[in-house]
Each structure stands twice: as C-alpha cells, then as structure tokens.
Amino acid sequence: MAKKLSLSDIVFDVCNYAFLALIFVITFYPFWNILVVSLNDATDSVRGGLYLWPRIFTLDSYATIFRNTELLVSVKVTVLRTLIGTPISVLAICMMAYSLSKRELIAWRFLTLFFIFTMYFGGGLIPTYMIIKSLGLIDSFWVFIFPGLIGVFLMILVRTYIEGLPAELEESAKIDGANDLEIFAKIILPLCIPVLATIALFIGIGHWNSWYDSYIYTYKPELKTLQAVLVKILNQFQTGTMVSEAQALANSSKRIPVSGESIRMAVTMVATIPIVMVYPFVQRYFVKGIMMGAIKS
Amino acid sequence: MHQLETAVTAPLNKAAPGKAKKKLVRRLSEQKYLLMMLAPAIIWAVLFAYLPIAGVYMAFVDYQPSLDDFWKSLYHADYVGMHWFNYFFRNGDFYIIMRNTIASTMLTLLFSFPAPIIIAIAINEVKNSMFKKTVQTVSYLPHFISWVIAANIIVTVLSSDGIVNSILKWLHLTDESTLFLQKGQYFWWIVAIGNTWKEMGYSSIIYLAAISSVNMELYEAAKVDGAGRLKQILYITLPHLKPTIVVLLILSLGGVLNAGFDQHYLLGNGLNREYSDVLSTYSFRYGLQNSLFSYASAVGLFNSVVAFILVVFVNFASKKLNNQSLF
C-alpha cells in the first residue's frame, strides 16, 4: 500500500486534523481555564490574562471550601445519594425488566404501555411538586431516591439484554424446581452484570449531577447537594449579589486571600473532577449503552 | 410464544365467567413472583408519574394552598374551566414565551444537528488511532457534566475578562468587553452554542456507528476511479448516512417545545428574561416562586399536551418514512 499521496489528500488531511484539533480545544479548554483560575492566587487573578497556566500557584481556594461545613455536607449528601440511590435503582429496574421480558405475564401489553407512556407524558412541574409534598417527601433524603427510581428507557435496555440470553438456562432451572425469584437471583442477575454496569454508570452520573430535586424539594441545609450549592453560588454571581455566599466564604478566611470568583471555580472543579476521573474508564460502557438504545429505536 | 398466549387467553373469552376467574387466579398465583418483582416499578409509576397526571386537574380549578391535604384542597377548589388557559393565551406573555421557546430550540437545532455529523465524518477520516481516541474521549466529556457546571463554565467564558472577550479584543473586533449574558439578544445564541458544545461529541457516536457499516470496497472502488477524499465523503459516506440523518432530524423536530429547563433557568437572569423565559421556566417561576399554582399548572399542561402530540406525530412520520425507504 505504498501509494504516493496526492496533494489534495495532504490538504484534506491537514484541514481535517486542524478541524478536530479545534474541536478538542473547544471542548477541553473551558475546563482547563476553570482549573487554572481555581489554582491561581485570588488577588493575582483579578489582573486577568490567566489563560494557560496559573501564575501564582496555590491551593487556598480548595483549602477554604474543604474547611467549610456547608460544602463538606453537600459533598457528603451527594456521595450518599449516589451510593445509596444507584444500587436501589439498578435492582428495581432489573427486576422490572425481567418481569416484563415475560410475554406471558398478566396484562403484559397494558403494563408495557403503562410504563412507556410515562416517558412521553407527565403532569408537569407544579403537580409533581404537589404530589411530592403530599407524600411527605419534602425535606427528606428519600426524595433523592424514589421519584427517580425507575428509568423506563434504561429498563428497555436491560429487557432487550435479558431477551437475548439463552432460554435453556432458565428452562433447566425451572425443571429443577426453581421459582421465578430464584431464577432471577441465581441466573438472570449474574448474567446481566455487563448491562447492569452500564445502567449503573448512567444512574450514578445522574445522581451526582442532579440539582433540581435538592434545589426545590429540600430546604434544610443538611440536604443540599453539591450541585444545588453550586446553583446558589451561580445565581448569586449572575445577579451580582454584593455579599454572595462565595464572597462571604472568601471573606471568612482572613489569612489566605481567596475571592468569590476563585471559590466558584474551585467548587465547579470539585463537582467536575469525579466525573472526569471515572469517565475515561467507563466510556466504552456509555458507548455500548447508546448503541444498544440506537439499535432498539 | 404466540401459541402459548392464545392458549391462555382463548378460554377466557369463551368459557363461563366462573371458570375464567379461576384461570385468572391460577395465573396470578403462578406469576406471583414476577408480579412481586414488578411491584416497585408499578408503585413508582403510580406515585410519581400517574398521580401528577391526575394532579393536572389543578389547571382547571382555582387552587389555593391550604394546610389541608393536597387532594382535599383540590377537591374543594372552585372549578374555573379553561380560564387559566385563556388567560395565558390572551396576555402578552404567551407570544414572548412561545417565541423564546421555539427560537431557542430551532437555533439549537441549526447548530447541534449538523455538528455531530461533521465531527463523525471527520473522525472517520483520521487514521492515527491515538489522535482519534483522544478527540473522541474529550469531545464526549461535556455530555456527562451537569448543566450546573456547564452554566458555570459558560458564565466564566463569557464574563467581561473571559476568554471570548479576550479573543474578540485580540482580533480587534471590539475594544470593550461585551456582557453577553446581560444583553437579551445574545441569549438564544448562547443557549444554542452551549447545547451544541455539550452534546456534539456524544451525538456523533450514532453517526460513527452508521459510518462503520459502510462497505470498505466502495471506498476502494472510488479510489480506483480517482475520487479524492472529499468526493468519497460526498458520494459514499453522506448518502449512506442519509436515512439516519432524516430519522434523527424528524425526531428532533418533535422536541421543538422542549427547550431544556436547566440551561434556560441557570443562564437566565433578570436582564435577559425577555429572551430567556421559556415555557418550563415561566411555569416554574409562576408556580413555585409566585405561588400562582393553577396558572403555572395550566402553562405546564399546555406544554406537555402539545409536546406529546408533536412526539406522537413525529414518531408516526418517521415510521412511515422508514417503511417507505425499506420497500
């Protein structure tokens, strides 16, 4: 294949690589920029012109936020909801998928439509709020777990996977006298681990990223998630509140110079870094996930 | 499987009701574990999907919050019929909200629809797998961060000493910083570009998958015929992608009323509200901040119903089209 490259091929390649390099920069640089500012000395940052590298490197902003109880609590709540919510959801979805993979199930068609419909139509923001309130979930940790317990789309992924498993395994277990519950626990669940890992990642990232539930369904500071705290900081930044939370926090640390701005950057980074850390390792699962969905639809 | 189904359902229709009942009881007891496993999902759907749907009755009454239970106060509220809908359609907000919603989603579509196609084609043309992988990995990343983080990034990038203003100054396009988020006329563009930035890499996966099914011999044949890379893209890759493009375009048109709540709420502020307020944020503000619960529910219901009709229509259209292209 030692062919001579034509000039137009070379031009094409150069343009193509340049284009993709630009895409790389556009997606990557904003994160880098935030990281740089969060690691730079706050008084120095005011001078502007921080683009590629911190001028005066310091971890003061991070030290400040990790000394702040509100932020520490929010990190704890976020980690807890992710660690508790994800396995509960995964189990509920897997059980549901197994059940609905049986066409002979009573009212199978009705039940399937019953769930699919919820993907396309909802009561809207206000009635949902009222229901959450009437169920006594306001200011309860469980408001992070139950309303988002099931993802119907994820269930369809799992169901498709289960339907593709060899039927013989299940049948032989049935002959041995196992009931559906035993078959599920001993045969289906272990076989589903790859697809469950995929949906667990989706659900876990969803928990980590969710802000809306904490923002409107909880009032107690000890139930605010990291993202909800970040929304508050962002709002105050946007409205230009003179004494913003971040600013107050910055002022409270008298010895070390931090600013509201550098605090905002540091909190943004704390919320981003876990995703950046896990994501390259799990990327192939996501790709698999979206592919399964694409084939299905 | 089909046989089994008819075998089970057929006697139900013909046999005496008593016998059918027995049959049902037997099936229930046979499937008790399956139903047990489905129970959490059913309870979830009833509580968090269907009860709120029943709650849209709020939109047809004059709901006043009280210390009573929600359903009780709903029951006692005065029925007002279509009053809130009429009020929404007739006051000046309707035009502005609909304009913002549709402008924002259409402008988003204009950027975010072609971008992944171009990226997928470009990535496909890259031979160096290291470079390919790096670009792919990084370009998917924004999809996985929350809109809260994305909004923080956008606010930072667009701030008076942010990178965008710096570049504009460096290019001598402007001497003074523009406060993009405080000027309403930029808002739709910001959301459109923000949406595109966040999703373009991830959305390219689906096109990359479609490209990977192109028969390599076609490219070889084209090379022999003297077609350059650009010609190969135009005459082989793009036509191959056409069905995917058409289906995804139609489906995305179904979301024209679903301007995401997150980006509009988080990037919106008092100064750009004239342009940033969309159906979902408007309903949120009137409901949860101004406590006009019934009015806000009516706006939300209007949104859900029209969006639902659009989705159904669009699914129907894409199915029809798919069948046609198959034959």
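**Figure 1. Crossing of α5(A) and α3(B) in the predicted model.** Two packed helices are described by the angle between their axes and the distance between the axes. In this predicted model, the axes of α5(A) and α3(B) come within 11 Å and cross at roughly 40°. This angle makes α5(A) oblique to α3(B). The crossing in which α5(A) passes α3(B) is left-handed. From α5(A), the residues F114(A), F115(A) and T118(A) make the contact, and from α3(B) the residues A41(B), A45(B) and A49(B) take part. Of the residues in this contact of α5(A) with α3(B), five are nonpolar, one is polar and none is charged.

**Figure 2. The side of chain A that touches chain B.** In total, 75 residues of chain A are in contact with 77 residues of chain B. Several helices of chain A each supply at least two residues of this side, among them α4 (69-100), α5 (108-120), α10 (193-209), α12 (226-239) and α14 (260-296). The largest share of the side of chain A that touches chain B comes from α1(A), with 14 residues. Sorted by class, this side of chain A holds 48 nonpolar, 20 polar and seven charged residues.

**Figure 3. Buried and exposed residues of α9(A).** The helix α9 (180-191) of chain A is one of those that supply at least two residues of the side touching chain B. Within α9(A), the residues D180(A), F184(A) and I188(A) are buried. Seen down the axis of α9(A), the buried residues fall within an arc of 40°, and therefore they line one face of the helix. The exposed residues A185(A) and P190(A) are carried by the face of α9(A) turned away from its buried side. The buried residues of α9(A) pack against helices of both chains, namely α4 and α7 (152-163) of chain A and α3 (32-55) of chain B.

**Figure 4. The helix α6(A) and the residue G136(A) that follows.** The helix α6 (125-134) of chain A also supplies at least two residues of the side that touches chain B. Because eight of the ten residues of α6(A) are buried, this helix is largely enclosed by the rest of the structure. The buried residues of α6(A) are L125(A), I126(A), P127(A), T128(A), Y129(A), M130(A), I131(A) and I132(A). After α6(A) comes G136(A), which has a positive phi, near 75°.

How values were computed
Residues numbered from 1 in each chain as written. Chains lettered and ligands numbered in written order. Predicted model: local features only at pLDDT ≥ 70, side-chain atom pairs only at ≥ 80, totals over all residues. Contact = placed C-beta atoms within 7 Å. Helix = DSSP H or I, 4+ residues; strand = E, 2+ residues; numbered from the N terminus. Nonpolar A, V, L, I, M, F, W, Y, C, P; charged D, E, K, R; others polar. Buried ≥ 20, exposed ≤ 12 C-beta atoms within 10 Å, placed from the backbone. Arc of directions from axis to C-beta. Axes fitted to C-alpha atoms, helices over the stretch in contact; angles between N-to-C directions. Parallel < 35°, antiparallel > 145°, perpendicular 65-115°, else oblique. Left-handed = near helix turned anticlockwise from the far one by under 90°.
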